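This briefing covers selected local features of one protein model.

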Amino acid sequence: MSQMEIPSKYNPAEVEDKWYKYWMDNKYFHSTPDEREPYTIVIPPPNVTGVLHMGHMLNNTIQDILVRRARMTGKNACWVPGTDHASIATEAKVVNKLNAEGIDKYDLSRDEFLKHAWEWTDKHGGIILEQLKKLGASCDWDRTAFTMDEARSESVIKVFVDLFNKGMIYRGVRMVNWDPAAKTALSDEEVIYKEMQGKLYYLNYKIEGEDEFVTIATTRPETILGDTAVCVNPKDERFAHLKGKRVLVPLINRSIPIIEDEYVDMEFGTGCLKITPAHDINDYEIGLRYNLPSIDIFNDNGTLNEKAELFVGEDRFVVRDKIVPELEKAGNLAKIEDYTNKVGFSERTDVIIEPKLSAQWFLKMEELVKPALENVMNDTISFHPPKFKNTYKHWMGNIKDWCISRQLWWGHQIPVYYLPDGTYVCAESAEEALEMAKEKSGNAELTAADLKQDEDALDTWFSSWLWPIAVFDGIREPENEEVNYYYPSSDLVTAPDIIFFWVARMIIAGYEYRDDFPFKNVYFTGMVRDAQRRKMSKSLGNSPDPLDLIAKYGADGVRVGMLLCSPAGGDLLFDESLPQQGAGFSTKIWNAFRLVKNWEVSSDIEQPEHSKLAIEWFRNKLAQVVETLNTQFDGFRISEALMTVYTTVRDEFSGWLLEMVKPAYQQPIDALTYAEIVELFDQMLRLMHPFMPFITEEIWQLLDERKEGESIMISQLPANTSYDAAFLAAFEDVKEAVSGIRKIRKDKNIAFKDAIDFSVQKGDKGFDAKFNSILIKLGNLTELTAVDEEVKGAASFRVKSTSFYIPLDGFIDVAEELEKLEEELKYFKGFLNSVMKKLSNERFVNNAPEAVVAKEKAKQADAEANIKVLEERIASMK
């Protein structure tokens, strides 16, 4: 190819669209079971209504690197894409859209609302997957799944019915975390605790029939309207006289008993505790023990109801502000103190959660977790980095039953059907439920209209925990060919913040439904943060739009940028200089390609010795790099693997190999060297391809003649071969010698075109004569002479125990050079003198900080070393 045909600049936008279409048209991403070893990854399904953010970019870049690498090692690679219906998030978006149109969700029937939700999903659902294509993600798009498509929905319902029939799902009134904004229960994992500055209110409760009172301390004065007892510790002598007495709830004067329980901490507050069973988990437990009534004073949206008697219809936090002055007026407020405590927030809506008694569906977890805990702790499933095993162990060891019902319409409706008498049946379909209901009730006249399906939907995670099985239809068809071939999957790439929501639960489901783990390795990525270590978020405005970055720096540049600062499980500090560096690397590769392609090739020239050695060196280097990369990938050190490829291309391939074989100006290169360089370039492109799929495909296709349907992405990675470590070590000495020559040329202002003489005083290390042709080529040496002693009047440097000399005759004016050296020597002697004055001053040495004194001593050592070198150089020139 001639200079004319290769653009001087690499154009990412043009190249990326062209090759992605080519890959899709040739169905290179598609996988079907065959005799090869499978390599499977399932995508952590992003929210169906979401758009690509920086976390997705990191996560999917890593997955794509693993999948492309597996494909190039001859495995049958299958990366299954899909999206999650995201109950709470999507329903909130649909409700907001309806509100903007003046429609209230509750004015619609469930079916009408779901029609709007499906419309929203169809409109927004594919956006994020289309965006992933821009990144170069090589997913098998024919397999795209959605947690609410037919196959996945039927799988979820089947699992619910199965667990129900096994006695593992039960309905119970329990204290749950209630989200007043989304008006639904949450599981414990969906609550985020934040430290907040609040107040501790000391309130006086009058003892019934007496003029005395007891004082309690609370952070939530609005809940006193639901109090049903006051509790003290039976061992607390301060309150022994209150046994059997009653107190009046402030403002509403309801009479409640004083009870005794060892749960009360005598040191906290006043030692007296108000008990509100409907609004605190610990109070609820006490209420059960002492058979106390439970008064729920809150509506589902966090406003007060009639049972509160006061402030009915007002929001809980408005009431908190209003009730305090009322308590003060009534003489019930003793004092207020500042108080810091941890408050639970809804992970989805970021409002403060309200503990609430509610009838919900639960899944018993105690037995289910056992194999899932054991097989992570014994490394059957490997966590990378392994520190997350401790987090996992702690959570699995303290697991509570999972609240799986949500008071939402968007999601999988719970397959429980109520009979007119309040009993219920659980079935996969309404038809089946009717048959079961007739049998259960003994009433053959029952019709479908007599049954009412449970209104609640299942927690979103109750569908995504089946993802690795359900994407291969392994719940409905446990023996189908695909699930038996692709399951268990190989690697999972995810963020540590969903280790419990998703990772642990998939492992639980894997052992329950396949008696096997769902994946062999879990790679935890870090959190993407900005340079100030702040989490990237829309609200902070510190998160760049990934598509803008791709438009600016190219997908390859962004992929490299994401990984340049991305240790496994460690936070990624993102800065726009990183994709810029990635784009700069693309330019470097492109320029190396243009250099090679523009050489004129001649079949009439013999291969020079220096080129033969250079290629032998690089073949050994390549074998060493392949070994290093294999080790890094085995340990999921993916950022390190990128750095290995990056420095090999930048330094060894471009910086050394191409320089060594490059023909002289306007001279041709011999055909053998050219063919070998093209072959080595091809190998380097293959190593780079998983990281930078687009530019490597473009160059690979132009590097040599390719047939229609050929692609770098289905070529083989360089194999692991042996290499000569001693040869590589000896070559490092050659590189050091070349650097020494270049430094002298620079220091003495000797142009590279001027050939120079060179002498070697060989020690026991640091020189091997077989590489002389390379030193002559890269140093532009006229000759290389062996000497037994120091060469006077020459510039010199050492490599290990070997000394090298470059005579400076003809290049420098000796008298002028001596004058410069004498000047320099004078400066350093004066500098040393001033340092020594300080160090001989006892007051300075005894009183100055240790670090300051150490700094002066370092200055002394540097000056002495410089003086010694200068004196030797001056002596050798006289």
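C272 has a relative accessibility of 4%, so this cysteine counts as buried. The model is a predicted one.

**Cysteines**

- The cysteine sulfur closest to that of C272 belongs to C231, and at 8.8 Å the two are too far apart for a bond.
- C426 also takes part in no disulfide, as the nearest cysteine sulfur, in C403, lies 16 Å away.
- C426 is buried, its relative accessible area being 3%.

**Aromatic rings**

- The number of aromatic pairs comes to 45.
- One of them joins Y22 and Y28 edge-to-face, with 6.1 Å between the centres and 65° between the planes.
- Y22 is buried at 14% relative accessibility, and Y28 is buried at 11%.
- F727 and F771 have ring centres 5.3 Å apart and planes at 75°; an angle over 60 degrees counts as edge-to-face, so this pair is classed that way.
- F727 belongs to helix α22 (residues 725–747), whereas F771 is in the loop between β28 (756–761) and α23 (772–779), so the pair ties together parts 44 residues apart in sequence.
- Both F727 and F771 are buried.
- A cluster linked by ring pairs contains F160, F164, W361, W402, Y418, Y424, F462 and W465.

**Charges over rings**

- K133 places its charged end over the ring of W141, at 4.9 Å from the ring centre.
- K356 lies over the face of W178, 5.7 Å from the centre of the ring.

**Helix α8**

- Helix α8 (residues 316–329) has 14 residues, which at 1.5 Å a residue should span 20 Å; the C-alpha atoms at its ends are 20 Å apart, so the two values agree.
- A bend of about 25° occurs in α8 at K322, and the proline P325 follows within four residues.
- Buried positions in α8 are R316, V319, R320, I323, V324 and L327.
- An α-helix has 3.6 residues a turn, so residues three or four places apart point the same way.

**V528**

- V528 is in strand β24 (residues 528–530) and is buried, with 6% relative accessible area.
- Leaving out residues up to four places away in sequence, V528 touches M54, G55, L58, K535, M536, M562, L572 and F574.
- P468 is 60 residues from V528 in sequence, and their C-alpha atoms are 26 Å apart in space.

**Backbone geometry**

- Most residues other than glycine have a negative phi, and most peptide bonds are trans.
- The peptide bond from H384 to P385 is cis, with omega near -5°; P385 lies in the loop between β15 (382–384) and α10 (388–397).
- A cis peptide bond also runs from Y487 to P488, with omega near 0°; P488 is in the loop between α14 (481–486) and β22 (489–494).
- N253, which is not a glycine, has a positive phi, near 55°.
- N253 sits in the loop between β10 (246–248) and β11 (255–260) and is exposed at 52% relative accessibility.
- E309 likewise has a positive phi, near 70°, and is found in the loop between α7 (281–289) and α8.
- With a relative accessibility of 48%, E309 counts as partly exposed.

Notes. Residues are numbered from 1 along each chain as its sequence is written. This is a predicted model: local features need pLDDT of at least 70, side-chain atom pairs count only at pLDDT 80 or more; totals for chains, interfaces and linings use all residues. Side-chain values use heavy atoms; hydrogens and water are left out. Rings of Phe, Tyr and Trp (its six-membered ring) pair if their centres lie within 6.5 Å; planes under 30 degrees apart count as stacked, over 60 as edge-to-face and the rest as tilted. Buried means under 20% relative accessible area, exposed over 50%, partly exposed in between (1.4 Å probe, protein chains only). Helices (H or I, at least four residues) and strands (E, at least two) are DSSP runs, numbered from the N terminus. A charge sits over a ring if NZ of Lys or CZ of Arg is within 6 Å of the ring centre and within 35 degrees of the ring normal. A disulfide is a pair of cysteine sulfur atoms within 2.5 Å. The expected span of a helix is 1.5 Å times one less than its number of residues. The bend at a residue is the angle between axes fitted to the seven residues ending there and the seven starting there. Contact means heavy atoms within 4.5 Å.
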